[in-house]
Amino acid sequence: MSEYFDDLETRSPQQREAQLLAALPRQVAHAQKNSAAMRRILEGVDAARVTSREALAKLPVLRKHELLEMQKAARATDPFGGFSTLVRGPQMPRIYASPGPIYEPEGATRDYWRCARALYAAGFRSGDLVHNSFSYHMTPGAYIMESGAHAIGCTVFPAGVGQTEQQLQAVAELKPNAYTGTPSFLRILVEKAEETKADIESLKKAMVGGEALPPSLRDWFGERGIAVAQCYATADLGMIAYETSARQGMVVEENVILEIVRPGTGDPVAEGEVGEVVVTSLNPAYPLVRFGTGDLSAVLAGACPTGRTNMRIKGWMGRADQTTKIRGMFVHPAQVADIARRFPEIVKARLVVSGEMANDVMTLKVEASSIPHGLDARIGEAIRDVTKLRGDVELVTPGSLPNDGKVIEDARSYK
């Protein structure tokens, strides 16, 4: 039996890139024609010219708070805010609600959320019985996993969350060999089984998501005979990336175009640098172009040891939204980026807020390629112009600022 879900996973990087970039202008044109919201966002864009990553990077980034605002503004006539290309009926079997609320449509296509590839990489195979403990209430998490499992040929037990004793009884009697859900709930099940002597020996593999999986917890499961892999998916985009048996980062899903950009901007960062994950989905039903997830990650160099050739990312590394209130004023990462763009000498900038409550000290630490006379003073003026606050400027050695994706660091004492 093949280790790969399909041949797409082992394409040459050049072939994959060519095929993705050939699909990109078609998806942009489709979004402009069929999604009223994307038509407004991409107004004036010539879709036929969006044939490279450089061209893609010039398009605006759509962030979740903007999607929510557009949905709210159009709620009386269209709960999706003009983003969905589907109409209610057979082509839209379900609608979900994520916190906000943000409403997401589900299309009727097989494996709509593109989860099968991730589950297959985790060892799920046709004939497996999957104990699915993601919530079936309002949000799509459970259905993302269920649709992928069905596409492989698995049978699913829709356990949902809670009712631990009943779930353990089902595991003992049905003997599923696979689990999907959060790692924390899997731990609850395992610990309760150890306490009550319930038989869960059938569980041998798991795909988890929705929260972080610390290495110590993965090892804890491994000691109990459960091989646990994690994936990265959202309600807006479906599957984005997934772990393989190598456990070396996450391989990007084959039907998305992923970028890592500097937080607060749409500017791609160098390979290995931490930034915000921005995804262009090739899903015609919900054609999100340059959707900012708000999550931090970084590209890993090289290919996965399993032979999968797509880009790899390090996984979830925190949140990109670092908006901070300083002396009663909100300062956003985009403002730091605005300051940096005014000076070609600036390679990287990081705003550090220190001091104690009600005594904030704001310092912009700057890596500069050259330091012409008066640079620090001019940067200080730009800080006041953009943020309406006074801040210090510290010129630091190139390469000395941390590679953690932070544009604003809150180092204040709250004792």
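In strand 13, L62 has F291 as its bridge partner. R63 has G292 as its bridge partner in strand 13. This is a predicted model, in which local features need pLDDT of at least 70, side-chain atom pairs count only at pLDDT 80 or more, and totals for chains, interfaces and linings use all residues. Residues are numbered from 1 along each chain as its sequence is written, and side-chain values use heavy atoms, with hydrogens and water left out.

**Strand 13 and its sheet**

Strands here are DSSP runs of E with at least two residues, and helices are runs of H or I with at least four residues; both are numbered from the N terminus. Two strands pair if DSSP finds at least two bridges between them. Strand 1 (residues 62-63) pairs with strand 13 in the parallel sense, over 2 bridges. Strand 12 (residues 275-281) pairs with strand 13 in the antiparallel sense, over 4 bridges. There, G275 stands opposite S297 in strand 13.

These strands belong to an open sheet of 4 strands, in the order 1-13-12-11, with mixed pairing. Its edge strands are strand 1 and strand 11 (256-261), each pairing on one side only.

How many residues of strand 13 are buried? For strand 13 (residues 291-297), the count is 7 of its 7 residues. Buried means under 20% relative accessible area, exposed over 50%, and partly exposed in between (1.4 Å probe, protein chains only). F291, T293, D295 and S297 point one way from the strand, while G292, G294 and L296 point the other way; all are buried.

Another open sheet has 9 strands in the order 5-4-6-7-8-9-10-15-14, and its pairing is mixed. Strand 5 (155-158) and strand 14 (299-300) are the edge strands, each pairing on one side only. Inside this order, strand 7 (residues 205-208) and strand 8 (residues 227-234) run parallel and are joined by 4 bridges. A206 has V228 as its bridge partner in strand 8.

| Strand pair | Sense | Bridges |
|---|---|---|
| Strand 1 and strand 13 | parallel | 2 bridges |
| Strand 12 and strand 13 | antiparallel | 4 bridges |
| Strand 7 and strand 8 | parallel | 4 bridges |

**A loop residue**

G44 lies in the loop between helix 2 (36-41) and helix 3 (53-56). Is G44 buried or exposed? G44 counts as exposed because its relative accessibility is 81%. G44 and Q32 are 12 residues apart in sequence, and their C-alpha atoms are 10.0 Å apart in space.

**The whole chain**

The protein chain has 11 helices and 21 strands. Its radius of gyration is 23 Å, close to the 22 Å that the globule rule gives for 415 residues, so the chain is as compact as a globular protein of that length. The radius is taken over C-alpha atoms, and the rule is 2.2 Å times the number of residues to the power 0.38. Along the principal axes, the C-alpha atoms fill a box of roughly 75 × 50 × 45 Å. Buried residues make up 52% of the 415 residues.

Contact means heavy atoms within 4.5 Å. Among contacts between residues at least 6 apart in sequence, 63% join residues at least 24 apart.
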